[in-house]
Amino acid sequence: MAETIKQRRRERIDRGVKVRSASIYALNSMEEISYLLAPRLLLTCGFLFMPLVLSPWPYWGRVGLSICILALLSISFDFLANYVGLVSLGGAFFYGVGGYISAILNTELGLPPALAIMAATILGAIVCTVALLPCLPLRGIYFAIVTLMYPLLMIRLIEAFDILGGTEGFRGIDGFSSFWTEQYGLILGLLAALFALRRFVNTDAGLVVRAVKDNDQSVRASGISVTGTKAKAVFLASLTGCFAGAYYIHMYSNVGISSFALDLSIMPIAATIIGGSGTLVGPVIGAAILVPLSELLRDFGSLRIVVYALVLTGFVVFRSEGLMNFLTRKYQQIERWVDIR
Amino acid sequence: MFYDILVYGFIQSLALVLMAFGFSLVYGVSRLPNFAHGAIYVLTGFVAWIFFNQAGLPYFVSAVLAIIAAGLLGVLIYYLILKRVRGMEVSEVIATYAIGLALLEGLRYMGFRGGTYTLPPAVDGVSFIFDVPVDHQRIFLVVLGFTMLATIWLLTRYTRIGRALKGVAQDERAAMMLGIDSDVTAAMAVALGSMLSGVAALIIFPLGSLVVEEGYKVLIYAIAVCVVGGLGSWAGTVMAAFVLGYSQYITVAYGKPHFQMVVMLCAIIATLIIRPSGFFGKQKQLQERV
């Protein structure tokens, strides 16, 4: 007989709590409830206490808000790319449209910031959905290319026709009344968007949306309009993106063509891929890593884009699952080595 | 004015052919969207500049060395990055785009910016065609553009390597059964594409100055030409380059220079909405839209 070679493999088994809570939700002790609640509470409380902790340092308070802005954009990218199958390389389009509409509502019509942001979120989402409607039948790389061009076209159109304030943009937009309204308005918006989208993808309507990603032919065969479903999903994603843009311009009181800049499309992708695609929470974690990192690298100018780009490439090529998927696995599964017989 | 548009539109079109052909070749052979195309273009220019001005080599030698460097970079990008994400289109786009971004912004960080860097033209002097003054570098561009097209055409028909490239483009599985290594071919295609973009850079940069922003512009031009002509269709690429080159030159002649880019961006968006396979490509209905 040939000598058998001892080999091992890593076995992964779901924890009991995970199995029970996944489908039928039979929880019977505080321990199990806290097992499920702990990660959610950690994230929520982390964001809710952030302004209190950061209030002595207004600069880092703003950095905290930048995390929320990037997180919103990344959630929008993640939702479109990993739940609907529309990879949008033009997140800046949502952001810029929201920002410009809010600026016009505030400076021309004199709406107060809170109202302007809400109106700009909804109006902006309608504008974005209508603008993207003709491209929605496109798949894969074709959709990615066409969305990459939208924000670039907006920049060039604004420059060429000198519309919407031209290269100057709008200035003197009203800010928020206090540090606390500014902080909590955005944080509550982020948490609402995050948990609402997480809930949405598990509803029946969300099931149809996910089916479009997995097999659009079968959705079509079921008599459901693929493009219609995609349009609804794009509306939801652009709500988040436009809200981020509208909020940001009220924080800094001006808006310009930099709202359509390319790095606003790239950074959400980096945050999503680092944080973990297809989790919706991952992008938030990715944003919480990338924004402080970019603040530390601020003195180095364009070197920080180099760092981003290299980190992004590294994750895409070598660790495409991202942090969140890795952590979820560690949290929900037991790993052990077993001999192969 | 008419002859002006005729002559300069022609030159602009061939410049677009040069810029886009590398991108088109890589996509046509191995279905790899090489979004680092613009970065390689700019990088070749700067490498040639360094060899020429810092190392003091003759211009021709530094140009050849820079083109070889571009080819090596292409091979490196393929084996380190593209090979691992092949087949996942979106990862390919994101990874190559990120590498391009890193290269371009790295150049900017190293201080290569502004209009201070220029490459010397290969030939000097001015001639008159239809009473329109044309400098010899532009004529050289036209001649080289046609030479390059002819070379690629001959290469893909009469050499082993070229036919392997074409075979993989037509049917990858069948090519593999006949003993053509798909990885080597794809790496070669990326290298060849990078070298072509390097050649384009060394001919086009002497007409202006070396700037990092050119990288983004070239990428968009290349995408525009390839999308309008049909991604991967080589004949389409050439025809689209002429359509876009002339329309670009006409808009510049009658409008503001800002519109040059608007034309390209609108062409990309309109083509993808109306006919995603491009106006000269084969339609693949279900692969590209539902």
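## Basis of the model

Residues are numbered from 1 along each chain as its sequence is written, and chains are lettered from A and ligands numbered from 1 in the order in which they are written. In this predicted model, local features need pLDDT of at least 70, side-chain atom pairs count only at pLDDT 80 or more, and totals for chains, interfaces and linings use all residues.

## Fold of chain A

Chain A contains 14 helices and 2 strands (DSSP runs numbered from the N terminus: helices are H or I of at least four residues, strands E of at least two). Its radius of gyration, taken over C-alpha atoms, is 22 Å, close to the 20 Å of the globule rule for 341 residues, so chain A is as compact as a globular protein of that length. That rule is 2.2 Å times the number of residues to the power 0.38.

## Contact between the chains

The contact involves 36 residues of chain A and 35 residues of chain B; two residues are in contact if their C-beta atoms, placed from the backbone, lie within 7 Å. On the side of chain A that touches chain B, α6(A) gives the most, with 13 residues.

## Confidence

The complex receives from the predictor an ipTM of 0.83 and a pTM of 0.87. Within chain B, confidence is lowest in helix α12 (residues 285-288), at a mean of 55, and highest in helix α3 (residues 59-85), at 89. Where pLDDT is low, the predicted coordinates should not be read in detail.

Terms used:
pLDDT is the predictor's confidence in each residue, from 0 to 100.
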